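Please read them with the coordinates open.

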Amino acid sequence: GREENRLDYSLSWEEDFPSNCEGHEDLCDVLKGTAINREVMVAVANSHAPGLAGFLDSIKRLAIKNFMVVAIDKKLADQLKRQGVPYYYSENKAQGNHGVSAQKFGILKEFIHVGCSVLLTDTD
């Protein structure tokens, strides 16, 4: 059979995915259409993220289907919605590279809580 890993303690393979969605409904809705085998590649960004447009073009060219952005400001969320890029809006007042980086662990914890493995990437 399949070898057990630490994420199995959060959500076993026999359970529906995503799970534990109470309070995380928006995230779960995005994951239902984005995650493949409970895995997703995520960039956490605000509207000032360096290189975002080129990065999104690369993701599209590479045809990475299980990719999404966690938009931490409304301006970026609106932009991603217009572009048809899968996103999860998690409002955050963090500014600058260090401020945004400090918030990533809390955001990733939400993904793990609902049973998703995450590959975190930067946009530059």
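How many residues apart in helix H3 are Asp-78 and Lys-74? They are four apart in helix H3 (residues 74-83), so about one helical turn separates them.

This is a predicted model, in which local features need pLDDT of at least 70, side-chain atom pairs count only at pLDDT 80 or more, and totals for chains, interfaces and linings use all residues. Residues are numbered from 1 along each chain as its sequence is written, and side-chain values use heavy atoms, with hydrogens and water left out.

1. **Salt bridge count.** The structure has two salt bridges. The term stands for a side-chain nitrogen of Lys or Arg within 4 Å of a carboxyl oxygen of Asp or Glu. Side chains of opposite charge can pair when their charged atoms come close.

2. Helices (H or I, at least four residues) and strands (E, at least two) are DSSP runs, numbered from the N terminus. Both partners are partly exposed: Asp-78 has a relative accessible area of 30%, and Lys-74 has 49%. On this scale buried means under 20% relative accessible area, exposed over 50%, and partly exposed in between (1.4 Å probe, protein chains only).

3. **The pair across elements.** Asp-122 and Lys-104 also meet in a salt bridge, with an N to O distance of 2.9 Å. Asp-122 sits in the segment after strand S4 (117-121) and Lys-104 in helix H4 (residues 96-113), so this contact ties together parts that are 18 residues apart in sequence. Lys-104 is buried, at 9% relative accessible area. Asp-122 is partly exposed, at 43%.

4. **The disulfide.** There is one disulfide in the structure, the term meaning a pair of cysteine sulfur atoms within 2.5 Å. Cys-21 and Cys-28 make this link, with their sulfur atoms 2.1 Å apart. The link of Cys-21 and Cys-28 is left-handed, with -95° about the S-S bond. Cys-28 is buried, at 1% relative accessibility.

5. Cys-116 is in no disulfide. Its nearest cysteine sulfur belongs to Cys-28, 9.4 Å away. Cys-116 is buried, at 0% relative accessibility.

6. **Glu-22.** Where does Glu-22 lie? Glu-22 is in the segment before helix H1 (25-34). Glu-22 is exposed, with 73% relative accessible area. The C-alpha atoms of Glu-22 and Val-114 are 9.3 Å apart, while 92 residues separate the two along the chain.
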